[in-house]
Amino acid sequence: MSTTEATTEQPFSRIKVRVTGLVFCGTEVAPLRRDRADSTHYTTIGGNVAAGEDFRAAAARELQEELGLAPDQADDLELIGLADARVTRPGPTAAPRKIHLIYRTHVTPEVRATLATQEFDELPDGSHEVGTIEWIDYRKTTDLPLFPPIGKVIAQLPTPHAQLATFELEPVTDQN
């Protein structure tokens, strides 16, 4: 597994840690779908870790904020992988390098029925972008436009409870 730095014209401005919660219900997993005028893309449920915040607590917080999932409603969060995202973006500010800590949990159909179906992400102007929680058979995530791009890894699991083949996933290097 290579962990060499991606070649970029400018250095990354900082390193951020993002926690991701893969929530499974049976054979389905819940990514967040964002429909925009020019595209549809998916993200894993999660967000950035606050300064000094415990990683597992951050993942639990994000699941509570975005899904309404309380820690006592799901299996314990299990850290199953790490993805290093070195992605550039347009604009004058250097993009942050993000380390994604990938946690997994499982819920029952009864709990799933109580979870949020939409997520409202606040934009810089104070408005909100609406995202839809979409339950998808985990084996069909291979070609999903998912960030971080771990759909292929998820789809290759023999079961939703199986361990990933490797803990450190291929580095994400992309030019936008």
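The following legends describe close-up views of a predicted model.

**View 1. The aromatic pair of Phe24 and Tyr138**. One aromatic pair is found in a search of the whole structure. The ring centres of Phe24 and Tyr138 lie 6.0 Å apart and the ring planes meet at 70°, which is over the 60 degrees required, so the pair counts as edge-to-face. Because Phe24 belongs to strand E1 (residues 15–25), whereas Tyr138 sits in the loop between strand E10 (136–137) and strand E11 (146–147), the pair ties together parts that are 114 residues apart in sequence. Both Phe24 and Tyr138 are buried.

**View 2. The largest nonpolar core and the surroundings of Leu67**. This core has 21 residues, and those with the most contacts inside it are Leu67, Leu69, Val107 and Trp135. Two or more residues each are given to the core by E1, helix H1 (55–67) and strand E7 (97–106), with H1 supplying the largest share, four residues. When residues up to four places away in sequence are not counted, Leu67 touches Val23, Ile45, Glu62, Leu115, Ala116 and Ile133. A second, separate core has 17 residues, including Ile80, Ala83, Ile154 and Leu169.

**View 3. The open sheet of five strands**. The strands follow the order E8-E9-E3-E4-E11, and their pairing is mixed. Strand E8 (118–122) and E11 are the edge strands, each of which pairs on one side only. E8 runs antiparallel to strand E9 (residues 128–133), to which it is joined by five bridges, and Glu122 stands opposite His128 in E9.

Methods. Residues numbered from 1 in each chain as written. Predicted model: local features only at pLDDT ≥ 70, side-chain atom pairs only at ≥ 80, totals over all residues. Heavy atoms only, no water. Phe/Tyr/Trp six-rings, centres within 6.5 Å; stacked < 30°, edge-to-face > 60°. Buried < 20%, exposed > 50% of the residue type's maximum accessible area, 1.4 Å probe, protein only. Core = buried A, V, L, I, M, F, W, Y, C linked by side-chain atoms within 4.5 Å. Contact = heavy atoms within 4.5 Å. Pairing = 2+ DSSP bridges.
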